[in-house]
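Please look through the sequence and the model before reading on.

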Amino acid sequence: MNKRVIGDGNEDLACSFLKSKGCGIVFRNFRCRQGEIDIIAKDGKYLCFIEVKYRKNANFGAPSEAVNISKQRKISKVSRFYLYSKNLSFDIPIRYDVIAVTINDGITTFKWIKNAFDYMP
């Protein structure tokens, strides 16, 4: 199975998880020249830009550790472009979250890290 299929499947799981927590999914896989944001969701007053990370085991660290400074900058740039392209105010409350998905022995667990990082110019 290729990485894109696995990624899409885990993003589907993350969306279901978010919906179960009362979030509304606004957009999936928003792409522009600067990069991509996996999920854009509404959580209460926040517009959340969410990166989904999956690991089948801990050999290469926790999934959330893969969201390094470079990835944070890329997500920040894409989020800014999203706001601009949708004519949304830059003053609305936004948040950068990470959802770490792990599947061990057929059991899926989610770790939702709210406010995982701040905007990175």
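Q: Is Thr-109 buried, partly exposed or exposed?
A: This is a predicted model, in which local features need pLDDT of at least 70, side-chain atom pairs count only at pLDDT 80 or more, and totals for chains, interfaces and linings use all residues. Residues are numbered from 1 along each chain as its sequence is written, and side-chain values use heavy atoms, with hydrogens and water left out. Buried means under 20% relative accessible area, exposed means over 50%, and partly exposed lies in between (1.4 Å probe, protein chains only). At 38% relative accessibility, Thr-109 counts as partly exposed.

Q: Which residues does Thr-109 touch, not counting residues up to four places away in sequence?
A: Thr-109 lies in strand E5, which covers residues 107-117. Contact means heavy atoms within 4.5 Å. With residues up to four places away in sequence not counted, Thr-109 touches Ala-100, Val-101 and Thr-102.

Q: How far apart in space are Thr-109 and Phe-17, C-alpha to C-alpha?
A: Along the sequence, 92 residues separate Thr-109 and Phe-17. In space, their C-alpha to C-alpha distance is 9.8 Å.

Q: In what order do the elements of the chain run from the N terminus on?
A: Helices (H or I, at least four residues) and strands (E, at least two) are DSSP runs, numbered from the N terminus. The chain has two helices and five strands. From the N terminus on, the order is α-β-β-β-α-β-β.

Q: What is the radius of gyration of the chain?
A: The radius of gyration is taken over C-alpha atoms, and the globule rule is 2.2 Å times the number of residues to the power 0.38. For 121 residues, a compact globule would have a value near 14 Å. The chain agrees with this, at 14 Å.

Q: What percentage of the residues of the chain count as buried?
A: The C-alpha atoms fill a box of roughly 45 × 30 × 25 Å, taken along the principal axes. Among contacts with a separation of 6 or more, 52% are between residues 24 or more positions apart. Of the 121 residues, the share that counts as buried is 37%.

Q: How many salt bridges does a search of the whole structure find?
A: A salt bridge is a side-chain nitrogen of Lys or Arg within 4 Å of a carboxyl oxygen of Asp or Glu. Asp-43, Arg-95, Asp-97 and Lys-114 are linked in a network of such bridges. For the whole structure, the search finds eight.

Q: How many residues apart in sequence are the parts that Glu-11 and Arg-28 tie together?
A: The side chains of Glu-11 and Arg-28 meet in a salt bridge, at 3.8 Å from N to O. Glu-11 lies in helix H1 (residues 3-20) and Arg-28 in strand E1 (residues 24-32), so the pair ties together parts whose separation in sequence is 17 residues.

Q: Is Glu-11 buried or exposed?
A: Its salt-bridge partner is Arg-28, and Arg-28 is partly exposed, with a relative accessible area of 30%. Glu-11 has 4% relative accessibility and counts as buried.

Q: Which residue forms a salt bridge with Arg-31?
A: Arg-31 is exposed, with a relative accessible area of 52%. The closest N and O atoms of the bridge are 3.6 Å apart, and the partner is Glu-36.

Q: How many residues apart in sequence are the parts tied together by Lys-71 and Glu-51?
A: Lys-71 forms a salt bridge with Glu-51, and the closest N and O atoms are 3.6 Å apart. Lys-71 lies in helix H2 (residues 69-85) and Glu-51 in strand E3 (residues 46-55), so the pair ties together parts that are apart in sequence by 20 residues.

Q: Which residues is Gln-72 in contact with, leaving aside its neighbours within four places in sequence?
A: Gln-72 lies in helix H2. At 12% relative accessibility, Gln-72 counts as buried. Leaving aside neighbours within four places in sequence, its contacts are Val-67, Phe-117 and Met-120.

Q: What distance separates the C-alpha atoms of Ile-92 and Leu-47?
A: Ile-92 is found in the loop between H2 and strand E4 (94-104). Leaving aside neighbours within four places in sequence, Ile-92 is in contact with Leu-47 and Leu-83. Ile-92 and Leu-47 are 45 residues apart along the chain, and their C-alpha atoms are separated by 7.7 Å.
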